[in-house]
Amino acid sequence: MAEVISAGAEGEGRRCGSGYLLALGLVLTAAHVVDGAVSIRVRFNADQDGQWTARAQRAWSHPSLDIAVLHVLEESVDPPGTVPVVTRVGFGRIVRPPVECETMGFPRFKVREDPAHLGADGEPTQYRDCEHATGSATTWANQREGTLQIRVGAPGLDPDRGRSPWEGMSGAPVFSGEALVGVVGKHHRSDGAGTLAAYRVDHWYGHLDADQVDALATLIGLPTRPEDLTQVPAPTQVRTGRLPRQLPATTSAFTGRERELAELLDLADRTGGSPGTVVISAIDGMAGIGKTTLAIHAGRRLAERFPDGQLFIDLHGYTRGMAPREPADALAGVLQAYGVPPSQIPTDLDARAALYRDRLAGTRTLVILDNAHSEAQVRPLLPGDGGCLVMVTSRRRLNALDDAWALPLDVLPVADAVALLREVAGPGRTQDGDPLLEEIAALCGHLPLALRIAAALIRRRPAWTLTRLADRLRRARPSLERFSDGDRDLTSVFDLSYQTLSGDQRELFRRLGLTPGPDADSYAAAALLNCGLTDTEDLLQDLVEQNLLAEPVLGRYRMHDLIRAHAHALAAGDPADQREAAVERLLDYYQYTSISADTRIFQYARHEPRGSAPAHSPVLRGPNEARTWLRSERTNLEACLALAARQGRREHVVALTEGLAELLYADGTWSRAKVLHTAAAAAAEHLGDQRGQADALNNLGRVLHMTGNYPSAVDAHTRAAGLFHQLSEQPGQADALNELGRVLETTGDYPYATEAHTRALALYDELDDWAGQADALINRGKIRRRTEDPAGACADLSQALALYELLGNRLGQARTLAILTQTRQATGDGVGAADAHARALTLYQELADQPTRANTIEDAEHAPSVTGQGGTARPANPPSGPGERLDRASALIGLGRMRMLDEDYSGALEAHARALEIYRDVGSYDNEAWAMNLYARIFVAAGDVAQALAVYRDALRLTREVQHRDDEAIALEGIGECLVRTADGSRHGAEYLNQALDAYRRLDMRPDMERVRARLDALTTP
């Protein structure tokens, strides 16, 4: 990589850009960086070690393509030497976007100063560090002709709002795989900080004459024909470029462990020296010895060496009340952190592990596997290659991990133990050399956990002296034996710290020992304690100060496993009815709040949460905040669900599963969702809870629909509708029928789908549910349009449009208008079609361009934080959820259709490509299959039959995978039409058209049948 710096005439200043060193001392860069320059310098390897600079001259330039080739003047190389020999690069073209790309350059936001090197003016020399940006690219996602639009991570710092942070990136090469497919051009702030534009290599040929192509072939090895460019196909899965940074906060009072820390840092160096290998460190030792603290501290020190991500996975190997985490479950969480949508997460362990290894291949990633139980739990979580460092902590030595570098931890040496005591106790609380320090350290067994707790007693109690602490520790030793290994007794430390707590603090400590999940917030703690929120928060902070609780994330509190076990043992001494009441209040809190959150994001009206509202719960103002809460509490919710299942609390099994329904649907995994909804339906049936059973079946049907199990989905929704009917629950029955109609439409059973939507519509009408009516009307209208009833379709769609206007739902209006455009055309209403088209185009353009949610009506009052009744705010920072992104994709598809009708084919392709990228990223295969056919139609309209044929073939494969029979028929017809238009393709085209005719006939799609039959007749007529 090269940094390019050019100087113009006097007073013009300098321009900075990026470039790539090709063979024979030639640098490819952007023309606007060097055109008109009086002098040009190139700097290679922006790090000081090994850096060299040289003067350069333009060897070739093309301003309209914004590319230039520079010749490095070898005699000007500083320090003197030979320009490195570089292997010629291969050039490529993207044949089916989107693809994953990477680019490297020297943008403005990477500027740093080096105080050790001063310039002629006495000021520190400035350098631009290299930025490695990755992301998905599509060829038609930018308005400028012939460009790639690359979605990259936006820079975190942008101090000068008047300039682009990517200034200086111009000229950077864009690679997909081993092929150079473009060169980054000038960045405009209007493009957005998360977007780079690059001129495509294949686009060059349309602007270069034969002599210019020959010149580039001679200079840089560009193929003389575009057909000879390396083809870059789209991967089956588009990576999102999301890099997890999961390391928890570390304590500032980290003392000792210099030798162990040095070993870990040395292991990191070995990953750099052995590309393609994984270095594993297994840190073992007894509980409380500081394994996790050491791993996190080392991880923080090493984070910069592993820029591709840092993963922290708690395996709960020895967490009281929780079974060791299944590797498959841990892998699902990691894959979601990397942005893998639920539908793309495999169901079996081996496939998940393979996908995980693929994600980490070729990366420098740090992985901490904390609290491992066994080698079998660890092995699936080990990367396959790529220079990764894995740190595993466990209470037992994992000898069967053959390649692991064992790092056993012992108790702290006396000097380090005393130093830790003094550090935590605080300044002025102890005297150096006091012999009581060594005695107290010995009474704590030289264990970091016990030392911190004991030192906190000194820090928090000004009247306490070391003498008093030592005396109390001596008297507290004969206590619970479970925390003693014969040599080291933690009980005395735990018990002494507990005895110093107030009555309320002790009660909260014991109650926290009853929690089934790994952590708790102040609302859950208040439910356990049956106490006010403000008082509970104060008590939680008191326990943090005593080192009995940790707060790794603001507002979330976690106990060390040993302390949790001690709290649980103490809680066992409380009356059974008090323990039962505390657990019941906790489950009630999670049940009520999760259903309330689920109601915020569900597309239909949910039932009100069961039971009475807890005294304190977070105020969730809208879908985004509801998703944030559910995602942060998912582990606790599933732990409560497991506890309820183990203890036979079927009412809670039903309610907690209902509270998780929308999160399971959106985030997956769907295999897990199927298991939970099936269990909830069975539990509700056992209880005779017909409403709970109907809800569970309806939720199960939605998941089965998404996974392609259509017969089972039909059965689930049918049973749900029947149960709701028996209960006279009209909202639930209407929702179940509407969902049933969607599944039946997918399978091509249009008569029964129409009947289901008609029944749903009648129920919504009785309920005055405008949103439900509009949805059912659109669903029925689409089916009527397909089954040769355009007048009926127009009537349904017009009613739906009026309802969406009353609701202020702009996306609903745009979708309805787009369907109305084509439907009115079919009825001969050209004026009405033109009006609908113009209105839809305007709405879709506005919706596609806006940076936030497409339908703002329900989110207008949302604040950017989750605020509790006590006034405590927590930031809400989830990425756009799948539902919001699908709304945006729907708007883009609508915009593409409108542009196509206006013969703006470039704009239509751009919009559809962006929509397809969303569908693939979210994992919405059914939508992708449907949109692929639309995408191919635009290529046909634009005259690119070859590209249309390729897209139709992909669409056929996908529609068969998801069993969309109507979309499969459309793809077959499209392939046939494309083949008919090619030379000598009529016979094969007719074969595909006949297959399409059979498919339409099975679906009773009469207008489509007649169209294809007429086309076949025309082909056979001389």
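**The sheet S22-S24-S23**

Modeller: Three strands form an open sheet in the order S22-S24-S23, with antiparallel pairing. Strand S22 (519–520) and strand S23 (550–553) each have a single partner strand and stand at the edges, so one side of each is left without a neighbour in the sheet. The model is predicted, so local features need pLDDT of at least 70 and side-chain atom pairs pLDDT 80 or more, while totals for chains, interfaces and linings use all residues. Residues are numbered from 1 along each chain as its sequence is written, and side-chain values use heavy atoms, without hydrogens and water.

Strands (E, at least two residues) and helices (H or I, at least four) are DSSP runs, numbered from the N terminus; two strands pair if DSSP finds at least two bridges between them. S22 and strand S24 (residues 556–558) are joined by two bridges in the antiparallel sense. Asp519 lies opposite Arg558 in S24.

Helix H17 spans residues 561–571 and is mostly covered, with eight of its 11 residues buried. Buried means under 20% relative accessible area, exposed over 50%, and partly exposed in between, with a 1.4 Å probe and protein chains only. The buried residues of H17 include the run Asp561, Leu562, Ile563, Arg564, Ala565, His566 and Ala567, and also Ala571.
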